[in-house]
There are 2 protein chains.
Amino acid sequence: MKVKQILTVGLVQQSCSQSRAANLTASIAGIREAAARGARLVLLQELHTGPYFCQTEDTDCFDLAEPIPGPSTGQLGAVARELDVVLVASLFERRAAGLYHNTAVVLESDGHIAGIYRKMHIPDDPGYYEKFYFTPGDTGFMSITTSVGKLGVLVCWDQWFPEAARLMALAGAEILLYPTAIGWDPNDDAAEQQRQRDAWITIQRAHAIANGIPVLVCNRVGFEPDPSGHTAGALFWGGSFVAGPQGEILASAPADAATVLTAQVDLNRSETVRRLWPYLRDRRIDAYQGLLKRYLD
Amino acid sequence: MKVKQILTVGLVQQSCSQSRAANLTASIAGIREAAARGARLVLLQELHTGPYFCQTEDTDCFDLAEPIPGPSTGQLGAVARELDVVLVASLFERRAAGLYHNTAVVLESDGHIAGIYRKMHIPDDPGYYEKFYFTPGDTGFMSITTSVGKLGVLVCWDQWFPEAARLMALAGAEILLYPTAIGWDPNDDAAEQQRQRDAWITIQRAHAIANGIPVLVCNRVGFEPDPSGHTAGALFWGGSFVAGPQGEILASAPADAATVLTAQVDLNRSETVRRLWPYLRDRRIDAYQGLLKRYLD
């Protein structure tokens with residue numbers, strides 16, 4: 001049981017232009033670089049094929065969606081097969097007319113789709129009008145079995161909900177993964193920007209800690225203007241990172257540059273950590289019914 | 001609705017000797033100092049009337065328990081009334097023969113008991129044999145209404161369970177409070193000690209973030225030998241802290257010294273933070289049933 005199980009993981013943090021082809025080319029170049037460094041699991045950022053279009057509500061943007069399987073899973077599946085890596089991509093899914101999701105796709109190293117996760121928690125705040133575009137997911141929180149382990153794939157806003165991380169861990173996830181697109185409002189002052197980014201890092205490290213498993217977070221970088229001109233646009237803060245099962249940072253990317261981040265994750269470490277601090281042993285499942293309520297008033 | 005509501009809080013981080021009288025005297029001196037600095041809410045550390053007796057399993061230690069109400073609540077209630085402060089104390093409760101709890105007591109500023117919380121999650125690992133002493137709580141996760149706001153009082157090991165913090169927030173808690181006794185195994189290397197303490201800070205900051213409310217953590221400090229001599233004893237790491245509703249550290253105490261820590265908490269800030277990042281709006285209560293399961297296999 002004590003066989004060393006070191007997994008090299010790769011995260012492709014990129015900025016996006018209007019050109020889908022150019023964005024996918026950049027993603028694939030990043031995957032190749034990560035694989036060349038030994039990565040067997042590569043995580044792409046949220047909606048990596050284009051700009052973050054949710055800054056406005058525009059019905060034309062639904063043209064950006066694609067079916068799953070579809071063009072992107074075909075192209076990325078071929079790359080996964082060629083490089084023998086497991087890929088986690090993040091796509092705007094057209095499921096039916098008027099039914100769209102923010103969907104993460106796990107591509108096995110032979111190119112087939114190992115599973116999908118449809119973003120369950122959908123945000124909506126100025127500049128992030130996701131409730132207009134994305135139907136809340138109906139996949140639930142199921143881990144996806146791959147050749148590198150059981151993956152707990154969640155997406156961006158999910159990262160603020162400890163419930164989601166816990167459910168993935170209970171479903172056997174050995175690694176949590178968060179494709180993300182989060183940035184600053186350029187009008188916020190530096191102290192508020194700092195608090196927001198610190199909060200984002202802290203709560204995801206805490207998911208590693210609470211569940212005793214590593215966490216991979218891949219965020220977009222770069223400034224994207226608001227097409228409507230109503231806001232100051234979004235300055236995506238990068239900072240993609242890998243944390244071990246005690247929340248310790250193993251690697252992190254800068255706030256302002258496209259980066260291919262790789263790190264070695266020791267999957268055996270979870271067993272050790274969970275033996276010492278066995279939260280799953282002590283959960284009070286007899287007293288958690290309130291978690292299924294909106295509020296306890 | 002925009003009335004400034006600044007609350008000064010105090011935390012009494014202390015080391016404990018074998019003398020109950022001396023420990024209580026030190027706690028009360030700390031409460032007086034905090035009150036003199038303007039604190040209207042004072043949090044004491046876990047089991048502050050004595051050494052951390054759970055390093056061994058010894059039936060004689062049950063003699064340390066007391067009823068609630070009892071001697072300590074009487075003495076501390078008088079202090080609360082005299083100083084006009086709300087106090088959160090942590091006591092070894094004897095409820096009946098063979099039925100003991102690790103119980104936090106909230107004393108209102110007129111001295112009466114506003115409510116109690118019996119530690120729901122009970123740890124058990126070498127040097128922390130709490131399952132021998134403490135029956136798991138049956139209070140559930142109810143906030144306690146006081147003159148300074150609704151308090152979500154949890155105890156030590158609870159701090160590793162996001163479920164507990166969430167349930168308190170859903171029950172209306174405006175502040176989370178954790179009386180704590182956590183320390184290092186002196187035999188662990190410095191890197192492991194650092195990871196443990198960082199994890200402890202990180203996950204509690206994350207409870208503030210996930211719920212948009214401040215967090216107060218009061219930990220014991222100092223070395224306590226293992227009476228049985230089986231282990232190297234416990235080096236309690238202090239580091240009591242106050243975090244705001246974005247998890248930002250407002251004040252923190254050193255790792256190695258008794259400290260009365262005070263900080264100003266802006267209770268209106270939670271309203272602002274929750275409007276911007278409204279996690280309670282978006283929780284997927286239709287998809288959280290798995291949280292009531294031990295494991296999803």
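Is Arg32(B) buried, partly exposed or exposed? Arg32(B) counts as partly exposed, because its relative accessibility is 35%. The model discussed here is a predicted one.

**The interface of chain A and chain B**

- The size of an interface is often given as the accessible area lost when the parts come together.
- Here the two chains bury about 5,600 Å² between them. Carbon and sulfur atoms carry 62% of that area.
- Eight salt bridges cross the interface of chain A and chain B.
- A salt bridge joins the side chains of Glu192(A) and Arg269(B), with N to O at 3.1 Å.
- Between chain A and chain B, 30 residue pairs are in polar contact.

**Salt bridges in chain B**

- How many salt bridges does the structure hold over all chains? The total is 34.
- Arg20(B) pairs with Glu66(B) in a salt bridge, and their closest N and O atoms are 3.9 Å apart.
- That pair links distant parts of the chain, 46 residues apart. Arg20(B) sits in helix H1 (residues 20-36) of chain B, while Glu66(B) sits in the loop between strand S2 (41-44) and helix H2 (71-83) of chain B.
- Arg20(B) has 33% relative accessibility, so it counts as partly exposed. Glu66(B) has 6%, so it counts as buried.
- Glu82(B) forms a salt bridge with Arg32(B), the residue of the opening question. The closest N and O atoms are 2.6 Å apart.
- Glu82(B) lies in helix H2 of chain B and Arg32(B) in helix H1 of chain B, so their pair ties together parts 50 residues apart in sequence.
- Glu46(B) and Lys119(B) also form a salt bridge, with closest N and O atoms 2.8 Å apart.
- This pair links parts of the chain 73 residues apart. Glu46(B) is in the loop between S2 and H2 of chain B, and Lys119(B) is in the loop between strand S5 (113-118) and helix H3 (130-133) of chain B.
- Both Glu46(B) and Lys119(B) are buried.

**A salt-bridge network in chain A**

- Salt bridges link Glu93(A), Arg95(A), Arg118(A) and Asp138(A) in a network.

**Asp158(B), a buried charge**

- Asp158(B) lies in the loop between strand S7 (149-153) and helix H4 (162-170) of chain B.
- Asp158(B) is buried but has no salt bridge. Its nearest side chain of opposite charge is Lys119(B), 6.6 Å away.
- Beyond its neighbours within four places in sequence, Asp158(B) is in contact with several residues, including Met120(B), Ala164(B) and Tyr178(B).

**Helix H4 of chain A**

- Nine of the nine residues of H4(A) are buried, so this helix is largely enclosed by the rest of the structure.
- Its buried residues include Glu163(A) and Arg166(A), as well as Leu167(A) and Met168(A).
- Just after H4(A), Gly172(A) takes a positive phi of about 95°.

**Ala257(A), a loop residue**

- Ala257(A) is in the loop between strand S14 (249-252) and strand S15 (259-266) of chain A.
- Ala257(A) counts as partly exposed because its relative accessibility is 28%.
- Setting aside residues up to four places away in sequence, Ala257(A) touches Gln13(A) and Val221(A).
- Ala257(A) and Gln13(A) are 244 residues apart along the chain, yet their C-alpha atoms are separated by 8.0 Å.

How values were computed:
Residues are numbered from 1 along each chain as its sequence is written. Chains are lettered from A and ligands numbered from 1 in the order in which they are written. This is a predicted model: local features need pLDDT of at least 70, side-chain atom pairs count only at pLDDT 80 or more; totals for chains, interfaces and linings use all residues. Side-chain values use heavy atoms; hydrogens and water are left out. Buried area is the accessible area (1.4 Å probe) that two parts lose on being put together, summed over both. A salt bridge is a side-chain nitrogen of Lys or Arg within 4 Å of a carboxyl oxygen of Asp or Glu. A polar contact is a pair of N or O atoms within 3.5 Å; within protein, one must be able to donate a hydrogen and the other to accept it, and residues adjacent in sequence count only if both atoms are side-chain atoms. Helices (H or I, at least four residues) and strands (E, at least two) are DSSP runs, numbered from the N terminus. Buried means under 20% relative accessible area, exposed over 50%, partly exposed in between (1.4 Å probe, protein chains only). Lys and Arg count as positive and Asp and Glu as negative; His and the chain ends are not counted. Contact means heavy atoms within 4.5 Å.
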